[in-house]
Structure formats: C-alpha cells, structure tokens
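This report concerns a chain–chain interface and a pocket. The sequence and structure are shown first.

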Amino acid sequence: MPDWLVKNQPYSPPPDKDQFINKSILSILRILSKLKSQSGYQMDKFQVNAALKVAFTFLLVILLSLSTSYTFILVVDVYLLVVLSLMEGKEIVKILSVSLAMAIFTFMILLPNVVLGNTYTSMMITLKVLSTLIAVNILSHSTRWHSITSALRRFGVPNIFILVLDITIKYISMLGDFSLNMLYSLKLRSVGRNNNKYASMAGISGTMFIKSKEMAEDMYAAMECRGFTGEYTVHNKWKWSMADLLYILKTVAIITAFLYWGRI
Amino acid sequence: MIDLKEVSYSYEGTIALKNINLHIEKGEAVALLGANGTGKSTLLKLLNGLLSPNQGVYRFNHQEITPKKLKDPIFSKKFHQKIGFVFQNSDTQLFCPDVYDEIAFGPRQMGMNESEVAKRVNDCLDLLGIQSFKHRQPYHLSGGEKRKVAIACVLALNPEVLILDEPMNGLDPRTQRWLVDFLATLNQAGKTVITSTHNLDLVQELSKRAILFDESHGIAADLPTETLLEKIDLLKRVNLVDESYPFH
Amino acid sequence: MHIPDNYLSPSTCMVMGAAMLPVWTVAVSKVKTEATKAKLPMIGIGAAFSFLLMMFNIPLPGGTTGHAIGGTLLAILLGPYAACIAITVTLFIQALLFGDGGILSFAANSFNMAFIASFLGYFIYKFIKDRAKTAKGEYLGIIVGSYVGLNMAALATAIEFGIQPLLFTNAEGLPLYSPYPLSVSIPAMMIPHLLVAGVIEALFTVAIYSFIKKVSPDTIFEGTKHKIHPIYGLLVTLICLTPLGLLASGTAWGEWGADEIKNVVSGGKQLGFTPAGMKNGFSFNAILPDYSVTGLPEIAGYLLSAVAGVAIMMIIFKIISSFHKKNSREIPKS
C-alpha cells in the first residue's frame, strides 16, 4: 500500500470552466425522460387509430403552412387548445413549454422585421410556428411512438425504414443511458482543471461509437439467429371505431374551414 | 462521516428510495443488499451527489450536501475528490485512449506535475497488479481487467470513501475473491468502503455490516452481516432469495 | 441548423424533397451493396449515435458551449451513403417525435445536414487524403472537410431562407415566410458558422476520429481504394446548386439586396400598421376582440371565443394542479 493512499489528501481544487459536462448531462436526461414517459402511456388516448392521427397532423401542418388567413389559424389554435385542455396537466406543461420556447425564439429572430414595420409577417410566422409545434407535440405526447412508426406503413413507407426507425428509438435510449453514465463518470473524476476538454468529450463520443458498432454487430447476429432474412412486416390491426369516425369528421371540418378562410 | 436523515427520492413519479435513515462511520465497510430495482444504485448515486434527494437531508463530514452547494464548482470538485465511485458498467467509466492516461486523468486534474503523476499511476498499477497493460487501450481489455483499471483510476484520486456498484458482477470466481480481499485491505488501510452486491457467498468477507433493502424501496434491516444472513425468512420476504435457498 | 416549419414555403419544401429523393434512392441501393455485415442495425444504431452526438455540449472559449452536427464525421466513420441515411433517420425522429425541426422542412433539413454536410465533407476529406497520403494529410482532410461541409450546409440553409421573400409574397408584397433577403440571411448564418460552429465541428471531428483510430481502427469505414476524381467534387457542387437553380428560376439574381429590404420597409410603412391582417379581418388590439372575429359570423365568433376561454381555463387549472401534485408527491406520508 503506497503511503499517499493511507494519508488524507489535502486538496483545494483550481477553478475551471466545465459547464459543458452538466449541460450535456441535462440534455441527455431530457431525452431519456421523454423516452421513459413513453412507456407510461396507456393504449392510445381517445382510442383513435394512430394512422389517422398522423395523417391528420400532417394535413394540419400543411394547411397551416399554406394558409394566409388569420381566422383559419385562430380556428386551428382554438381547436388545439381544446385538445390540449383534455390532456393531463403534466403533459400540457411539457407541450406548451417546448412550443412556446421555439415560438419566442422565432419572434426574437423576426423582431428586426417588426421594427422595420412588417408586423404582419412576424405575427403570422410566430403564430404558425406555435400552432404547428403544438400540433406535432400533441401527436408525440398522446400516441405511443411504436404506433406512430407502424402507422407510417399505411402511407407507403417501406417496412425496412420502419424497422430502422424502431431500432433507432430503442438505441437512443440504450446508448443514451450508456453515454449518461460516461458523462457522470467524467463529472465525478473532473475534480480539478481539465486541460484537454475536447479529448475527454471525444473519448466519450468515440467510445460510444465503438460501442454502437459492437451493438450493431451483435444485433445483426441475433437477428440472423432468429431467421431474419431482410423482410420485416409491420403488424397492426385496423378496426373502425366510433372515435375514428368522429376524428374523420373533425378532419373534414378543418379542411372546410381552410377552404372557407384559407385563401391560398 | 455519512449521514442520511429521512431521505426519499422519486423520479418522474416513480419512487426509488423511501425514507432512508443511514449513518456510516469513517473507516467502516458496509454492504448493500437487495433484489434488483430496490434502490441500491439510486442510493449510491445520491451519496455521490449525482442525484439530490427530493426530501430529507444528506450530510457528508457534517456538511449538508444540497443541489445549490453542488452547483458551486469548487465545492462540488472537493466533494467528488473525497468520494470515489466505481460504476457498475466499467465500460462507461473508461474514456481515455490508454490505461496510463486513464489513471493519470484524475491526478493531472489535481494539478500534480508529470513526475508526481507518474509515481501515482505506477503505484496504482502495482497495487492492482496491472502494470503489464499500462499502454493498452482500456476498451479492448477483458471485463475483469476493465474493472481493475476503473478501480485504479478512482483510487488515483485518493478518495476517503470508496463506493462500488456491484463490483463483482461479470467477474470470474478467482477475480471476485481477489477483489474482496483487495477491498478488505483498503478498508484496513483506513478507507471507508461501501459496496452493493448480490453475492451472498462473499458478502461476509466484504464487510461486517450489511444493509438490506426491501421492495418498497426502504431499509428492511441494518445488521451485522453474519446475523442478517441467518435470517433466511427475511431474505425470502424481500425477494432476494427463493425457496431453494440455502442451496444444499 | 434545424429549420422549423413555416420558415420555408411548402413549395420550397417540395423542391427540396424532389432533390432528396434521388439522393435517398441511390444511398439505399449503395448501402445494400457496399456496407458491411451489420448494415441494417448499424444504420439504426448509427442514427441513434448521431442523435446523441448532437446532445453533447462542447466547451467554447469563454466558458459557453456549442454542439456539433457530425455530418462529415459520420460519413468518414460509416461511409457517406450510410451516414446520409442515418442522419436522415435522426432528423425524421427529431421532427416527428421531439418537435425539433419541421415536418415539411424535413427534406430541406435532410438536404443541408444529411446530404451536403456529409457528402461534400466526405469528398473533400477523401480528395485531400488521397493526394497527401500521410497521417497529417488525413487530418488536414478531416479538418477541411468537416469545416467546409458544415459551412456549406449553413450556406444552403441561408440561401433557402434568403430566397423566400423573393419568391413568396402576398398580394400586398409582404413576405409570407422567412422575411429576410439573401443579403441579410447569408451574413446572419455564415458569420457565426465560419467563426465558431465550423471550428467546433472541425476540432471535435478530428478529436473523435483520432480517438477511434487509436482505440479501434478497424471500425472505421474503408472507402474505395481508387482516388476520387475532381470531377466528382464538381458534380456534388452542381447537385448542391440544382434546387437553388430550380427555386431561383424566373427570379433575376441581381435584384436582391438593399432594394429588397427597402421595398419591404416602404411597403410596410406605406400600408400602415397591419395591412394584410386587416384585410383578412384581424385586429391586433386583442386576439378575439369583442368576442367577434371579422370574417366569421358573429355567433360563430362568440362561440369560438367561448371555447377558447374554457379551454384556456382548463389548461391553467391543470397546469397548476400538476405542480401541486408534484409537490405533494415529494412528501410521502410515512
């Protein structure tokens, strides 16, 4: 046993700017918590088929982008508010905070334009950005992601692409967990001044890459063992329900509103 | 040295620790036992300041550890130097291109000059018997070798407390035995050693005191290891072992 | 660099989609023929890697942080075709599930980050590496490739923004989408990218590459043995310019500039406070003034206001109670 190890270490750390570790930890944590909250969702809320929801959200995004009418956007906003008000408080906070942050950012970017006198464009774009984000976030917060990806099958997206999407989502959480622990370990061992911060972050990223390559090879081996031949079929049963019908009525209403006020 | 008062922790609505009271003296060796998912890892992360309790007080060396204090980089670094943490998955702990740099990472941060760093790294390599792969890449070592490197790079910081999260996992029986003896030596040298483990055969040699977690994320028992291991009904009740235990 | 929806016109997005379609098609068929055994999982897991890489904050001088895109890095590590698909998948997940980057602008984002940043960066890297043939030459290739790749991606983004006010205005001549002309959008995008973001990208790319090269060189994509002919560089540049040409056809190039802003400014002043909005029956005094929205029948306007009011009240109530719940959860009764 070396004697330095037996003695207590008198130590006062030198100052260093290493906020990047904490910031990285926070952004990974945010991703992981969003992925984790996914597993908590009951079968899709309101029991509407995910394919319909995805189609409707896409349609809404397109119509919002095309529209030049404030009235149409306001009608959509009121509709989105109603949907939002039926969700859980926790989710409302998440959806609104993400969407508002981006809308405010957009408004800031457009601020010089307002000063120049063009309030119309700035207000319109900010409002559209906000509405679009709320619509997309409602979709991602109220539908299980697996339902969303398999719903894409209905729009002619190849099975193989959906398989890749599913793998990606799964591995974001696995590699995310791995990299979170690496960042934790970097944080715990960063007890002083790090003179080569890039090397540390590169070590973490590089290790993550090598790890991901290994995982990919393992996964391929496992797929082969289970008889994977390159074909992947997405199974989902489609049964019409009352909720679906109502959902389609709602879609028709939005399109009518668009045609009435939309004025491309 | 370590003092937890009514500490609870929950994440996204899931309770991970409930009402934990725990006191650990300087120089003690403590083992944490419990079924999977009972909160052992969460407690270890909390002791390291990676998580902060939602409720209750955590004191280290009579000083309350709060998120606010940990935001101060000087305080937080001083604190992290005193507590070393060996992660469950050694892969996550190693991010330098070779073993020497890996172990030198801490001492270099502490502002030692290169000759002091070299001495310290070599001492650590000797201590763990890994002098032969000084210049190999940590990533390609075997599981047992990686664990040794991870322990070496934590020891290089000369922490007062050493915390290990299931260090025996994935090691062969010989290395497990070696590790238990090594931790005992460290403990005798005055280090406080806190270990979580599932290994009921070796836990007696690991520490005299054992803390058992139950599935409601609280402490079910805090007893001398020998006494705890005799309470087979208790071990069964917390789902740590099944009906066939002890296996003979 | 993730463009949200409504910054670009839907027709711009369609043009970008049309430009990406052949790229994706070629990339998929190339990956099928040339990638290694673990190709399919590698693309998914590579996409997860690229997703997380964008989450990593890297220190900047002065204590602030930024993050890399990793387009060129991924192309060097996985090969440009696999990288293109992996980044596309990342962007898709970010847009659809995380609300980061738009759904309509997905193709434009793919064009900038999955296509330009990875292909152009990779070709520059390969071009320099093939000619220099030393380790230094290789690193020079990585630095120049990732720096130029990122900056060209930023330039493409700036151009996409900048042509919006030229092409898409309403009857009053007010821009419908991103209102800044090229003379504003290019410097606004390029100055920070040339000075800061490009430098981070290059430094980080080199650092990660050299780590992997040291630790596990066999995991890096090998690439073709033969040299890349300069003609390919020209080809890539031309492909980069194609959608631009499509978009700009019919618009005289010399027209943009100070005149453009002046027009917008004088247009705005000339038309007063809220020209187009007033025509469509919107007043800025309140969101739903007097419970009626012009252009809507009075009853409908009243109803709309009422529904909005109820929904807002419910949202506020739920937000408050969600905070309340959170607090009460933290104090479990023992």
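In this predicted model, chain B and chain A bury about 4,000 Å² between them, with carbon and sulfur atoms giving 60% of that area. The contact draws 44 residues from chain B and 40 residues from chain A.

Between chain B and chain A there are 3 salt bridges. One of them joins B:K77 to A:D18, where the closest N and O atoms lie 2.9 Å apart. Across the interface of chain B and chain A, 16 residue pairs are in polar contact, both residues of each pair being at pLDDT 80 or more. On the side of chain B that touches chain A, at least two residues each come from α3 (73-82), α4 (99-109), α5 (114-128), α6 (143-155) and α7 (173-188) of chain B.

The second largest pocket has a volume of about 1,300 Å³. Its lining comprises 37 residues, of which A:V157, A:P158, A:F161, C:W24 and C:T88 are the closest to the pocket centre. Chain A contributes at least two residues to this lining from each of α3 (50-66), α8 (159-189) and α9 (197-225), and chain C does likewise from each of α1 (10-34), α2 (39-53), α4 (80-97) and α5 (106-132). The largest share of the lining, 11 residues, belongs to α1(C).

The residue classes of the two surfaces are tabulated below.

Technical notes: Residues numbered from 1 in each chain as written. Chains lettered and ligands numbered in written order. Predicted model: local features only at pLDDT ≥ 70, side-chain atom pairs only at ≥ 80, totals over all residues. Heavy atoms only, no water. Contact = heavy atoms within 4.5 Å. Buried area = accessible area lost by both parts, 1.4 Å probe. Salt bridge = Lys/Arg side-chain N within 4 Å of Asp/Glu carboxyl O. Polar contact = N/O pair within 3.5 Å; in protein donor to acceptor, adjacent residues only side chain to side chain. Helix = DSSP H or I, 4+ residues; strand = E, 2+ residues; numbered from the N terminus. 1 Å grid on protein atoms, 1.4 Å probe; cavity = no way out; pocket = protein on both sides within 12 Å on 5 of 7 lines; lining within 4 Å. Points joined across faces, edges and corners; volume = space filled by probe spheres on them.
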